[in-house]
Amino acid sequence: MEETILVCEDSPEGILTAVYRAYEWKLKPEHTRIQVGAADLCLFAAYREVTADAGVAGKVANTVKRRFGQDAWEDICFALAAEAKEKGQAVYRTIAAGLSGRIRGKLMGGLADDDIRRTFELSRHVHSEAHRMLMFVRFRELEGKLLFARIEPDANVLEFVMPHFADRFPLENFVIMDVRRGIAGIHEARRDWFLVRLDREERERFSSMALRYSEEELEMAELFRHFCVSLGIRERKNLSLQQQFLPLKYRRFMTEFDAPV
Amino acid sequence: MGLRIGTGMSLMEKLEILSDAAKYDVACTSSGTERKGDGKGIGNAVKAGICHSFASDGRCISLLKILFTNECIYDCKYCANRCSNDVPRASFTPEEVCRLTIEFYRRNYIEGLFLSSGILYNPTYTMGLIYQAVYRLRHEYHFQGYIHIKAIPGADPEIIRLAGFEADRMSVNLELPTAEGLSRLAPNKHRKTILTPMRQIQNGITVNQNEVALYRHAPQFVPAGQSTQMIIGATPESDYQILNVAESLYQKFALKRVFYSAFVHVNEDKALPALPGGPPLLREHRLYQADWLLRFYGFEARELLSEERPDFNILLDPKADWALRHLEDFPVEINRAPYELLLRVPGIGVKSARRIVQARRSSRLDFSHLKKIGVVLKRALYFITCSGKLMYPIRLEEDYIARQLLGTKEKLPFEADGVTYRQLSLFDDRNFVMDQEHQMIYHRTEQPAFMRGASSA
């Protein structure tokens, strides 16, 4: 039978909408694929464009939560934030496997199923990168006591990172900017946080802003750099172990790896 | 000790001296407390803890780990800050500790404060200084992040109790595994004065848990539990003795963690052993592996070691070593074996055992599934069957499996940076010595079977 390929935009809403349409149009999961973004075309397949619709995406989300529990929903959310293009397909087939009723116990426990395992792996990967951001985000204090951080994660994890810092620093004004995606999480003291997509002009403004450190900033950065150096035990020196825990790609915006001023 | 040297120092100088002096303390975990911010201060705590950076030795930097002062009235032979050493001395003020903590925390450098101290004047006075600093941090700066403090042995129990209500975790260092070692290397410390506050904190936690169960908003006493640490390799205890001490600390004192610290030579002293191979890192590693087996894998110390075999195998990790000596329990059937038995298979950890138990509810697992689930098959394949079949036709024979396991090189955290396994192993095992021809000979009362096999080959 001919395959049907649903093409959707690269966002959680887009993918979940495609899942909804697949059921609405009574497509068989084994002959249906969800493709995120425009990609290579297949000759013997029918393509259908799906426009993201927050309403129907919400319905799918509710079904997932109701049928498979909050844990499974969180895993799917993480998987949907991954960089990998096959995430749409993995999530779709995971939901289909769950609805078919052949997985006993927790949905995400059915790791013998290839699609569930793929979703699980994506979720774990994104989850661990989000956790790494909690570890490695470094704020710089700018003029006016504003805290400003830049990150460039592989997956789109900013929305998982913001709640942590909003809870941690309720009285601070802070901004975390994902320089790879051009989005920023903004938190104003005593307010809720929100995400914004930055246009080119704003990106430049943010980047130039990042250099106007407050007076205390240089002192604290210098103190922390010395602290990190003096904490290492010479007799146990092990740079490869350090690099295993703290990969080079995360060091670009980390204060302790700045060249000494 | 009447003179207070270095009061005119800059914050930078103080931080350098007092973080350098604190670096030998191992515990840098920020786990055990889950606390949301209350929206009026700064900080929260995450159950699993968060590391923030990693030092050049690969150890994590999670907390602002500092001494309040490195002045000390004691003369412990292994310690860089002993009173007979001529090192620069410095002391923070409570204000400086608070400022550093808050400013580092705001920038997400750290997860909280780890405050220890040398003994200034007397234990009670020192504990008072620590209490003062953390009290200000909690109540003037409204800091809700993680705080780990030392309970100073010999301090007034009342001040330890008060401090316990401000801290997440408290620790009392056991320093050395046996009372005999302690009296030799730390003449001013006594086993009894160390265990007293440990017991006090344990009882405090139990009482407080009942209070919190009854009154949800009762102040929490040391909610992340207490920990301790022992120095490994400064005194001649065997691994068996050390592991037994750890086990009884877990059972009798309900400790959250016992940390092992490979002895680092900082002082020249005739009472200390010479360690030409550097700190006994492999020994420390084996102890941590065994510690995990005690806490998460349902092992007991006497299963892993005994009076006759008092030290860990340097070539095999404790679990593989145990499995080899208990081949009668294997192979284990993956699709049926209880969780507890899966945990005992080399190559299967807590996570993969859980995943197996989950996944086999929906479908029969075979070896390809196991690989994807995260089982380390090259280690596990000798000990498991899937639907009654071994992965390859193999002999369940101790010598044979031991040789195979040695062939799959164990990944050790400290093999890189040009340090070879051999160099380390010589001094890590107390029974390995060199003879005149510089050949290794193995001095054990009982040679493991695979070693016998290897030497005759």
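User: How many salt bridges are counted between chain B and chain A?

Analyst: The count between the two chains is nine salt bridges. This is a predicted model, in which local features need pLDDT of at least 70 and side-chain atom pairs count only at pLDDT 80 or more, while totals for chains, interfaces and linings use all residues. Residues are numbered from 1 along each chain as its sequence is written, chains are lettered from A in the order in which they are written, and side-chain values use heavy atoms, without hydrogens and water.

User: Why is the pair Arg99(B) and Glu216(A) called a salt bridge?

Analyst: The term requires a side-chain nitrogen of Lys or Arg within 4 Å of a carboxyl oxygen of Asp or Glu. The closest N and O atoms of Arg99(B) and Glu216(A) are 2.8 Å apart, so the pair meets the definition.

User: What makes up the contact between chain B and chain A?

Analyst: Contact means heavy atoms within 4.5 Å; 64 residues of chain B and 59 residues of chain A take part. The side of chain B that touches chain A has 29 nonpolar, 17 polar and 18 charged residues, where Ala, Val, Leu, Ile, Met, Phe, Trp, Tyr, Cys and Pro count as nonpolar, Asp, Glu, Lys and Arg as charged, and the others, Gly among them, as polar.

User: Why is H1(B) called roughly perpendicular to H2(B)?

Analyst: Helices are DSSP runs (H or I, at least four residues), numbered from the N terminus. H1(B) and H2(B) pack at about 85 degrees, and angles of 65 to 115 degrees count as roughly perpendicular; therefore the description applies to H1(B) and H2(B).

Definitions and conventions:
Axes are lines fitted to C-alpha atoms, for helices over the stretch in contact, and angles run from 0 to 180 degrees between N-to-C directions. Helices (H or I, at least four residues) and strands (E, at least two) are DSSP runs, numbered from the N terminus. Angles under 35 degrees count as roughly parallel, over 145 as roughly antiparallel, 65 to 115 as roughly perpendicular and the rest as oblique.
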